[in-house]
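Let's take a walk through this one together. Have the model open and follow along as we go.

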Amino acid sequence: MNRSEITEQIVVARLARGLTWQELADAIGKPVVWTTSAMLGQHPIAPEQGKVLVEMLGLDASVVPVLAASPMRGGLPDAVPTDPTVYRFYEALQVYGGALKELIHEQFGDGIMSAINFSVDLQKKPHPSGDRVVVTFDGKFLPYQWTSAADGPGQG
């Protein structure tokens, strides 16, 4: 069984059992966004945590090693996402990505925000004109370190 088939089983089992992503995250002591992403195939799940989730979902224990394997991350199926929710993130980055890049460089220097040393949080914020979605990306700043082969690692 491949990872996408297991992901489909996870989604179906979660709905059939009436479990929320938050309940699954709480069962393994992980943040809900990370757990959801992992269960959708974007992070490896430690075997002991995988066993808990598989039991809650009523899945066969044979999927645990697949859940624990390092996944192929990213790779949305379309160049431009067509799902409206995912597309809005894409749209927001098209509009604000250049500004965010400029501000990161201005405030931190030449570098990037890590998506490896990273956390993400989602909150629902009440608002008179309709509830707001608050997404927080929290990534370590990684400066570019340009070196030549003669300099050796870490020399600049």
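Predicted model: local features only at pLDDT ≥ 70, side-chain atom pairs only at ≥ 80, totals over all residues.

Thr 35 has a relative accessible area of 1%, so it is buried. And what does Thr 35 touch, once residues up to four places away in sequence are not counted? Its partners are Leu 24, Ala 25, Ile 28 and Lys 30.

H1 covers residues 3–17 and H4 covers residues 47–57; their axes come within 9 Å and cross at roughly 55 degrees. Angles under 35 degrees count as roughly parallel and those from 65 to 115 as roughly perpendicular, so H1 ends up oblique to H4. Which residues make the contact? On the H1 side they are Ile 10, Ala 13, Arg 14 and Arg 17, while H4 brings Glu 55, Met 56 and Leu 57. Sorted by class, the contact of H1 with H4 has four nonpolar residues and three charged ones, with no polar residues at all.

Next stop, the annotated positions. UniProt, in an unreviewed entry, places the feature "active site" at Arg 88, Glu 91 and Ser 114. Of these residues, Arg 88 and Glu 91 are included in the lining of the largest pocket.

Take Arg 88 to begin with. Arg 88 sits in helix H6, which runs over residues 84–108. Is Arg 88 buried or partly exposed? Its relative accessibility is 48%, so Arg 88 counts as partly exposed.

Then there's Ser 114, which has its place in strand S1, residues 111–125. With a relative accessibility of 4%, Ser 114 counts as buried because that value is under the 20% cut-off. If you set aside its neighbours within four places in sequence, Ser 114 is in contact with Gly 139, Lys 140 and Leu 142.

Conventions:
Residues numbered from 1 in each chain as written. Heavy atoms only, no water. Axes fitted to C-alpha atoms, helices over the stretch in contact; angles between N-to-C directions. Helix = DSSP H or I, 4+ residues; strand = E, 2+ residues; numbered from the N terminus. Parallel < 35°, antiparallel > 145°, perpendicular 65-115°, else oblique. Contact = heavy atoms within 4.5 Å. Nonpolar A, V, L, I, M, F, W, Y, C, P; charged D, E, K, R; others polar. UniProt positions renumbered as here; feature names shortened; annotations may be inferred. 1 Å grid on protein atoms, 1.4 Å probe; cavity = no way out; pocket = protein on both sides within 12 Å on 5 of 7 lines; lining within 4 Å. Buried < 20%, exposed > 50% of the residue type's maximum accessible area, 1.4 Å probe, protein only.
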